[in-house]
Amino acid sequence: MIPFIWFTYLTIIIFSLGIVNILIKRDGINLVVGVELIVNAALINFISGSAYILNNNGAVYGLLVLITAVLETVMLLVLLLVYFDHYGSLDFSRIRNLRG
């Protein structure tokens, strides 16, 4: 069995990559990828924790997180399509133009 600390290290690395991706990249698709990396890090943490304590509650929560992440991704992609249709670009430096 793989030690629990390795999963913790993997979660820290994936979470950090997601945060760096959100902070450095200003493109819409990269924003979605960064958010998905953060959600997947939490998912790995839930499932590895439930396997470590021999309880299935973390796997159930992980399944709910996975379903929520899929729905979130679909909503973000729809918003990006509308944004691209309106501005012709996915560069978020123009976001100031969205004021009413």
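A residue is called buried under 20% relative accessible area, exposed over 50%, and partly exposed in between. The model discussed here is predicted.

Q: Why is F46 called partly exposed?
A: The relative accessibility of F46 is 35%.

Q: What makes Y61 count as buried, partly exposed or exposed?
A: Y61 has a relative accessibility of 49%. Exposed would require a value over 50%, so Y61 counts as partly exposed.

Q: Why is the pair of F46 and Y61 called tilted?
A: The search of the whole structure finds 2 aromatic pairs. In the pair of F46 and Y61, the ring centres are 6.3 Å apart and the planes stand at 50 degrees. Centres must lie within 6.5 Å for a pair, while planes under 30 degrees apart are stacked and those over 60 are edge-to-face. The pair is therefore tilted.

Q: Which helices does this pair link?
A: F46 belongs to helix α2 (residues 28–52) and Y61 to helix α3 (residues 57–87), and the two residues are 15 residues apart in the chain.

Q: Why is α2 called roughly antiparallel to α3?
A: The two helices, α2 and α3, pack at an angle of about 175 degrees, and their axes are 9 Å apart. Angles over 145 degrees count as roughly antiparallel, so this term applies to α2 and α3.

Q: How do the residues of the contact of α2 with α3 divide?
A: The contact has 15 nonpolar, 5 polar and 2 charged residues. Among them are F46 in α2 and L66 in α3.

Technical notes
Residues numbered from 1 in each chain as written. Predicted model: local features only at pLDDT ≥ 70, side-chain atom pairs only at ≥ 80, totals over all residues. Heavy atoms only, no water. Phe/Tyr/Trp six-rings, centres within 6.5 Å; stacked < 30°, edge-to-face > 60°. Helix = DSSP H or I, 4+ residues; strand = E, 2+ residues; numbered from the N terminus. Buried < 20%, exposed > 50% of the residue type's maximum accessible area, 1.4 Å probe, protein only. Axes fitted to C-alpha atoms, helices over the stretch in contact; angles between N-to-C directions. Parallel < 35°, antiparallel > 145°, perpendicular 65-115°, else oblique. Contact = heavy atoms within 4.5 Å. Nonpolar A, V, L, I, M, F, W, Y, C, P; charged D, E, K, R; others polar.
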